[in-house]
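Reader: I'm new to this one. Could you show it to me and then take my questions?

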Amino acid sequence: MYKYDQYDHAMVEARVAEFRDQTRRRLDGSLTEEQFRPLRLMNGLYLQLHAYMLRVAVPYGTLNSRQMRMLGDIADKYDRGYGHFTTRQNIQYNWIKLEDAPDILADLATVEMHAIQTSGNCIRNISSDQYAGAAADELVDPRPYAELLRQWSSFHPEFTYLPRKFKIAVIANETDRAAMRLHDIGIKLVKNDAGEVGARFYVGGGMGRTPMIAPMIREFVPLDQLVTYAEACLRVYNRYGRRDNKYKARIKILVHEIGAEEYTRQVEEEFAHLLGQGVEPPIAELERIMAFFADPPFEAGAAGEIDRSDPDFALWVDRNCHEHKQAGYVIATVSLKPVGGIPGDASADQIRLMADLAKEYSFDELRVTHAQNIVFPHVRKADLYTLWQKLDTAGLGTANLDLIGDIIACPGLDYCSLANARSIPIAQKISERFAQGGKEDAIGELKLKISGCINACGHHHAGHIGILGVDKKGVENYQLLLGGSEAEDTSLGRITGPGFDEDGIVDAVEKATDVYLAQRKDGERFLDTYRRIGIDPFKEAIYE
Amino acid sequence: MKILTGNDLKTGAVTWWDGSGWSLHVEDCADVGDKGEDIIAREQAARRVFAAYVIDGEKTDGGIRPAHIKDRIRALGPTVRPDLTLKPADPEAGNWVI
């Protein structure tokens with residue numbers, strides 16, 4: 001994985017020193033909160049419901065064990081013994097003290113991490129496929145391109161004060177595990193007819209209060225023009241994106257209002273102009289970055305069989321492991337969704353254990369997924385049973401990947417100052433309800449996503465079943481959505497009708513799954529059945 | 001009744017105006033009547049609190065209860081982690097906010 005050079009180190013260390021001074025001046029009264037707020041947000045430090053919250057960037061979700069260990073140590077030393085992995089492949093801590101924040105950033109810098117651009121109207125952490133560099137069916141490893149864009153976007157002077165925040169995803173696979181078309185810019189690496197790798201650009205997607213699926217605006221951008229094209233996309237947005245209304249300020253609104261065709265025309269015009277400006281880094285820089293993402297030293301001829309004699313282990317293999325490009329290896333996902341647990345939370349001990357296990361069994365590498373789980377990308381099949389046993393002993397062996405218990409949930413009103421309703425208790429009740437009597441198994445793949453407000457951090461629009469918490473005259477109320485997807489078959493869910501209270505929404509979810517079980521045909525997922533029969537049979541059952 | 005809440009500058013902890021200072025416990029709240037904004041201006045200038053605001057509350061048998069669920073969760077802590085609330089020994093403490 002990528003290693004900082006002297007410029008990266010210098011930038012991050014300078015930022016730590018700068019923020020330490022800003023914090024000192026806030027504490028001694030030289031800065032008011034109004035003056036300090038944008039400065040702390042530029043360093044990922046929010047004020048949430050109970051305390052300051054620090055969001056730490058995990059570029060494209062990739063970590064080494066030393067970094068992961070540091071995340072666990074920070075949870076113990078500065079927080080309350082746990083961290084929360086987020087839907088942007090980051091981690092956040094809920095109980096941070098302002099006076100500790102500069103020290104935390106200094107600790108992070110020692111392992112080549114920071115919290116820069118995890119807040120504010122700038123280009124945020126770039127996300128990617130959590131199986132990048134390991135999946136058997138990917139075109140290329142997308143992470144070098146994500147890293148190139150990370151370097152381009154970090155401290156980019158022109159894009160520090162965009163109309164609104166800006167999110168980019170990069171994938172290189174027909175299977176979309178990064179919700180690519182629900183980003184401000186989604187980039188899919190593809191091959192053209194000549195066999196050359198290039199970038200397909202989708203612009204203007206997003207969730208939030210106005211969910212939109214990004215249209216494709218350029219089928220193929222040569223790799224030696226990738227940054228220039230991204231710059232053109234941002235420039236048009238920065239110039240014409242609305243700044244008078246924050247709810248209409250995302251690029252999806254611009255693209256929608258002027259139309260994809262006109263937006264594309266303007267981008268192409270800007271692109272043509274920029275081609276002569278020397279924006280693009282030399283291809284040697286991309287090649288330098290690519291060298292950091294070379295395959296680890298896989299063992300040739302590693303054993304190809306897994307001993308499945310332990311049925312619990314066999315179940316975990318079937319559900320949580322994915323085919324690897326290298327014979328004798330698998331990709332293993334650790335579910336952070338134990339039955340009745342808090343989605344995405346991990347204790348400091350669990351974080352450190354995963355760090356140690358990654359060092360021993362996964363070439364020192366881990367990934368954070370946007371579904372709030374952790375991936376060991378390169379595990380020898382021969383080591384898999386031992387790995388699972390160690391995970392299971394620590395409460396990390398849950399076998400429910402992509403099942404109804406593998407719920408994405410935002411922190412909701414238990415932690416978030418923007419939320420209208422709690423998300424986590426709903427996730428816990430659904431998880432417990434469906435774990436009983438084998439119903440989770442019977443249903444199979446079903447992606448359920450919960451947001452505690454319209455900002456949609458829990459991706460409710462894109463859940464096969466989505467739940468949106470709203471404030472109904474001071475009381476929590478939950479709307480049900482059906483039919484969303486953030487995979488390669490991207491779609492937006494539809495609201496079924498009037499909302500429910502906390503218990504009612506769990507019953508409504510169960511009724512929806514009962515309709516599916518009664519009507520599904522061979523091999524259909526919940527989403528397939530929904531798409532075949534439409535929303536009406538579900539509404540009839542839910543509101544009968 | 002009108003009560004004041006905000007956050008401690010150094011720690012970020014949720015605090016409540018008790019009439020002479022800031023308490024971690026909502027049950028200590030004083031009724032500030034129409035003086036809330038004046039108190040906030042003075043206390044924020046002295047950096048004893050920040051992000052302070054006035055809310056409605058009511059006296060109940062169980063103590064002072066903020067009118068809105070968001071402030072009740074602020075007063076208690078996350079309902080899904082009773083061990084991290086101000087009443088860690090009470091696993092049912094979260095019910096107070098509903």
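**Questions about the model**

Reader: How does the span of helix α15 (residues 502-519) of chain A compare with the 1.5 Å a residue rule?
Author: Helices here are DSSP runs of H or I of at least four residues, strands are runs of E of at least two, and both are numbered from the N terminus. The expected span is 1.5 Å times one less than the number of residues. For the 18 residues of α15 of chain A that should be 26 Å, and the end C-alpha atoms are 27 Å apart, so the two agree.

Reader: Before we go on, what kind of model is this?
Author: Residues are numbered from 1 along each chain as its sequence is written, while chains are lettered from A and ligands numbered from 1 in the order in which they are written. Local features need pLDDT of at least 70, side-chain atom pairs count only at pLDDT 80 or more, and totals for chains, interfaces and linings use all residues, because this model is predicted.

Reader: Is A:L49 buried or exposed?
Author: A:L49 sits in the loop between β1 (45-47) and β2 (52-56) of chain A. Two residues are in contact if their C-beta atoms, placed from the backbone, lie within 7 Å, and beyond its neighbours within four places in sequence A:L49 contacts A:Y415, A:C416, A:S417, B:I73 and B:R74. Because A:L49 has 23 C-beta neighbours inside 10 Å, it counts as buried.

Reader: Which element gives the most to the side of chain B that touches chain A?
Author: In all, 20 residues of chain B are in contact with 23 residues of chain A. At least two residues each come from β4 (50-60) and α2 (69-76) of chain B. The most, four residues, come from α2(B).

Reader: What is the bridge partner of A:F85 in β5(A)?
Author: A:F85 belongs to strand β4 (residues 82-85) of chain A, where A:Y82 and A:H84 on one side and A:G83 and A:F85 on the other are all buried. β4(A) pairs in the antiparallel sense with β13 (residues 345-347) of chain A over three bridges, and with β5 (residues 91-96) of chain A over two. In β5(A), the partner of A:F85 is A:I91.

Reader: Which residue in the hairpin of β4(A) and β5(A) takes a positive phi?
Author: Five residues lie between the two strands of this hairpin. The one with a positive phi, near 65 degrees, is A:Q89.

Conventions:
Buried ≥ 20, exposed ≤ 12 C-beta atoms within 10 Å, placed from the backbone. Pairing = 2+ DSSP bridges.
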